[in-house]
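The following exercises concern one protein model. Each task is followed by a solution in steps.

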Amino acid sequence: MYNIKCTVEYDGTCFAGWQIQKNARTVQREIEKAISKMYKTHIKITGSGRTDSGVHALNQVFNYHAMAFIPEASITAGLNSLISDDIVIKNTEYASADFHARKSAISKTYEYIILNTAKPSAFYRNHCWHINDYIDPDALTKILELFEGTHDFSSFCKKRSMVDNPVRTINSINIRQIGDFLKIEINADGFLHNMVRNIVGTALHVYRKKLNPEIIKNMFIAKDRSAAGPTAPAKGLYLKKVYY
């Protein structure tokens with residue numbers, strides 16, 4: 001039995017997320033259909049994590065097990081010939097028997113992109129959050145820095161998907177300004193459902209309403225989603241990298 005690790009990018013615009021759902025087009029379903037066709041048997045894949053409807057990935061990782069040996073380059077080329085062009089397999093490699101795309105991950109980096117211009121863009125409308133009032137990157141950085149460290153992120157998790165242990169450690173948050181775009185990178189040991197979007201939405205809410213950033217500490221204490229700010233749109237979020 002071979003254990004195969006793949007790195008994939010996808011445009012999440014026309015998907016109902018990563019995970020297989022009834023009567024919905026998902027990334028996992030499309031990839032499983034292609035792999036099963038290639039191996040001529042049903043094969044299930046395991047992703048490093050789930051992405052929601054509209055969320056994109058630059059380097060999502062998944063693994064699967066198969067009895068037949070196919071050269072790595074042939075797997076990559078074969079899958080790309082069988083799946084739609086909004087999914088691209090970037091790399092394939094044979095992994096150790098104990099490799100697990102989700103459980104073996106040490107940390108992940110998500111990137112959130114904001115287009116900060118007076119007018120929206122026809123080309124980037126599905127790939128960033130357009131905000132027309134000026135955002136000072138330095139001021140926003142000071143707000144986002146309050147999320148770094150180990151915290152109970154209950155107030156920043158979708159309520160109905162709350163997990164038993166909502167404690168996560170954010171290792172770093174960085175903002176880069178590239179032309180009209182602000183790119184917020186968040187690296188953590190793990191993420192709760194909607195955690196990145198809720199952090200970005202809350203930080204922008206505090207910034208735009210000119211609230212005292214210290215209010216974020218009270219949000220952590222509350223451990224209640226209603227205590228934090230709004231959720232940023234899915235279209236600006238990208239799974240950038242998974243570290244093993």
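**Exercise 1. Describe the largest pocket: how much space lies in it, and which residues are closest to its centre?**

Step 1. The largest pocket holds about 1100 Å³ of space. A pocket is found on a 1 Å grid over the protein atoms alone, as an open set of points where a 1.4 Å probe fits, with protein on both sides within 12 Å along at least five of seven lines; its lining residues have an atom within 4 Å of a point. Grid points are joined across faces, edges and corners, and the volume is the space filled by probe spheres set on the points.

Step 2. The lining consists of 36 residues, of which Gly49, Arg50, Thr51, Phe191 and His193 are the closest to the centre.

Step 3. Strand E2 (46–47), strand E5 (107–115) and H4 are the elements that give two or more residues to this lining. Helices (H or I, at least four residues) and strands (E, at least two) are DSSP runs, numbered from the N terminus. The largest share, three residues, comes from H4.

The model is predicted: local features need pLDDT of at least 70, side-chain atom pairs count only at pLDDT 80 or more, and totals for chains, interfaces and linings use all residues. Residues are numbered from 1 along each chain as its sequence is written, and side-chain values use heavy atoms, with hydrogens and water left out.

**Exercise 2. Determine which residues of helix H3 are buried, and what they pack against.**

Step 1. In H3, which spans residues 137–144, the buried residues are Pro137, Leu140, Ile143 and Leu144. Buried means under 20% relative accessible area, exposed over 50%, and partly exposed in between (1.4 Å probe, protein chains only).

Step 2. These residues cover an arc of only 120 degrees around the axis, and therefore lie on the same side of H3. The arc is that of the directions from the helix axis to the C-beta atoms. As a general rule, an α-helix has 3.6 residues a turn, so residues three or four places apart point the same way.

Step 3. Asp138 and Lys142 are exposed on the face of H3 turned away from the buried side.

Step 4. Strand E8 (167–178), strand E9 (181–188), helix H4 (195–208) and helix H5 (215–222) are the elements against which the buried residues of H3 pack. Contact here means heavy atoms within 4.5 Å.

Step 5. At the start of H3, the backbone nitrogen of Asp138 has a side-chain oxygen of Asp136 within 3.0 Å.

**Exercise 3. Locate Gly78 and describe the buried residues of its helix.**

Step 1. Gly78 belongs to helix H2 and counts as buried, because its relative accessibility is 17%.

Step 2. The buried residues of H2 (residues 72–82) are Ile75, Thr76, Gly78 and Leu79. Their packing partners are strand E1 (2–10), helix H1 (27–39), strand E3 (56–66) and strand E4 (87–94).

Step 3. Between the C-alpha atoms of Gly78 and Met38, which are 40 residues apart along the chain, the separation is 7.2 Å.

**Exercise 4. Find where Asn23 and Lys223 lie, and decide whether each is buried or exposed.**

Step 1. Asn23 is in the loop between E1 and H1, and Lys223 is in the loop between H5 and strand E10 (237–243).

Step 2. Asn23 is exposed, because its relative accessibility is 84%. Lys223, at 51%, also counts as exposed.

Step 3. Although not a glycine, Asn23 has a positive phi of about 55 degrees. Lys223, likewise not a glycine, has a positive phi of about 50 degrees. Most residues other than glycine have a negative phi.

Key
Polar contact = N/O pair within 3.5 Å; in protein donor to acceptor, adjacent residues only side chain to side chain.
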